[in-house]
Amino acid sequence: SLLNSNHIKIEQVTTNNIQSMTRFTSNTKKNTNTPRYSRDGTLALALCFLLSCASGVSAFSVQKNQNVNSIHRIVFGTAALSKAEDPHAMLDAAFEKGVRRFDLARTYGMGASERIFGEWLLSRDIDRKDIDLITKGGIGMDGYGDPDRKILTQEDLIEEVDQSLATLNVEDVDLYMFHRDDARLSADNFVEWINKIVATGKIKRWGVSNWSFDRFRAAHNYALENGFVPPTANSPQFSLAAPVCDVWPSTQSISQPKHVEEIEWYADNGVELLCWEVLAKGFMAKTDLWPEEEVDPSTFDAPVERGTDEWRLQRIQKAYCNRENYRRRNLAIKLAEKSDLKLAQIAMLYPLTKGKHISVIFGSAKADHIDDMVALQHFNIDDTAMELFVDPNSVSNNFFPFKPQYVMDHARNKVQPFATRKNQKPAFAKSE
C-alpha cells in the first residue's frame, strides 16, 4: 500500500518492479560526468519514480468518478432567492439542470423565499414527488438568531409549520428543521413537540440547524430511549475555510479539525449533515477577494450597528480572514488550476469528500454557477490533497523528506473538462 489515512508513504513496491528498475539502472551506459549514487540511493529514486508514475496512484489531485456524489447531496439554497433578478428563472434553471432538492426557511427574505418558491411550484408542471423540500422554522421571524427572542411554544410551532406548508402550496415537506436551538427549552420539548407533527404526516423527517453536538446527541438519545422519531439531520457551517469564531449569532460550525470525531458519530448514526456557507461568503469562491495584506484585524471588534453591511463584513472577515485560511485558499487555487476546475468547485468538493452523509447547500444568481455545482456529482478530492488542506506537513516518505510542493508539481491529474449543456426552455413550464 502506498497510501494510509494520515500520510503519503513509500512503503513497498513489488519485487518485480524493483528488479525491473534495477536492471534498467545497471544496463544504462555509465557517464563519468554524472554523479554516482549508492545502491540505496538508486532504489530510492526508482521508488519515487514509481510513486509518481504508477497507474492508479495520484497525489494532490481531483479524481473524476462518474456519479460518485449523489445529486441529492447538492442542494439549492434560497436564502437570497428574493434578491435574484428573475427568481422563477433561477429555479427553472436549477430544476432543468437536475437539481431536485431545495433548502428554504420561514425567515429567508422575511417570508419571501417560501412565497416565491410556492408560486413557482404552482405555476409549473412538476410532480410534487420529484421535489425534495427542506424548510426551517421555530424562531418566529427572528432574522439574526437572537437568543433573547420570544420563547417557542408548541402552539407556535404548529402554526409555523402550517404557515410554511400553505405558503409553499404543499401538503407536506420532506425535512423540517428547527432553525436555531434555544437553551431555555429542554431537548425533550423539541423532540416531543415535533413528533406530534410528524404523526400528522405533514413532516416526513425532522432535524435541526445550528445545534451543538452535545444538544443534538441529547435530543437523539432522548428520542430513541422514549420511542420517538429521532432527528436525522443537523445543519452546521462547514467549509474548507474554518471560522475561528461564530460567523453569525447562535450558529454552530464543524469546520475545525477538532470536530472530526463528531462528524464520524453523525455518519455512524445515520444523521445527514446539511452544510451551509461552504464558500465562506465568497472567500472560497473568488481568488482575489479580501487579499490578506488589505484586511486589518484591528477592525474586527470595532463597534458597529447590527444588521448593517459593515456589521456583516466585520463578522465574515473576523471568522474567515486569517493566515491558516489564506494558506488553505492558496492550496485550493493550486488544485483548481491543476484540475481545470474553479476554486468554488474545490471548496464544495471538500465537505462532499469528507463523507457520504454530508450534503452541501449552494445559492446562486447565475445559471452557469448551477452547472458548476451539478458537475460535482462526478468528482472527488484525493487523500493527499485532503490531508494537505488540514496539515501542510502531512506528506512524508521513508527515504528523504520533500516539501508538499513536490507533490503538487508532480501530481498526475486525470480530470477531464465537464461538458456544459446549453440553456434550453424548461419542458416543465406551463404554457400561457
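Reply: Gladly! Keep in mind that this model is predicted. Let's begin with packing: the buried residues of α7 pack against α6 (187-198), β6 (203-209), β7 (233-235) and α8 (260-268).

Me: Which residues of α7 are buried?

Reply: Buried means under 20% relative accessible area. In α7 that holds for Phe-213, Arg-215, Phe-216, Ala-219, His-220, Tyr-222 and Ala-223.

Me: How far apart are the end C-alpha atoms of helix α7, and what span should its residues give?

Reply: The expected span is 1.5 Å times one less than the number of residues. Helix α7 covers residues 213-225, so its 13 residues should span 18 Å, and the end C-alpha atoms are 18 Å apart, which agrees.

Me: Which residue with positive phi follows α7?

Reply: That is Gly-227, with phi near 75 degrees.

Me: Where is Asn-67 found, and what is its phi?

Reply: Asn-67 sits in the loop between β1 (62-64) and β2 (74-77). Its phi is near 55 degrees, a positive value in a residue other than glycine. Asn-67 counts as partly exposed because its relative accessibility is 49%, and exposed would require over 50%.

Me: And what is the phi of Met-110?

Reply: Met-110 is also a residue other than glycine with a positive phi, near 55 degrees. Its place is in the loop between β3 (101-103) and α4 (112-122).

Me: How many disulfides does a search of the whole structure find?

Reply: The test is whether two cysteine sulfur atoms lie within 2.5 Å. Searching the whole structure gives 0 disulfides.

Me: Is Cys-275 buried or exposed? And Cys-321, buried or exposed?

Reply: Cys-275 counts as buried, at 0% relative accessibility. Cys-321 is buried too, with a relative accessible area of 8%.

Note on methods
Residues are numbered from 1 along each chain as its sequence is written. This is a predicted model: local features need pLDDT of at least 70, side-chain atom pairs count only at pLDDT 80 or more; totals for chains, interfaces and linings use all residues. Side-chain values use heavy atoms; hydrogens and water are left out. Helices (H or I, at least four residues) and strands (E, at least two) are DSSP runs, numbered from the N terminus. Buried means under 20% relative accessible area, exposed over 50%, partly exposed in between (1.4 Å probe, protein chains only). Contact means heavy atoms within 4.5 Å.
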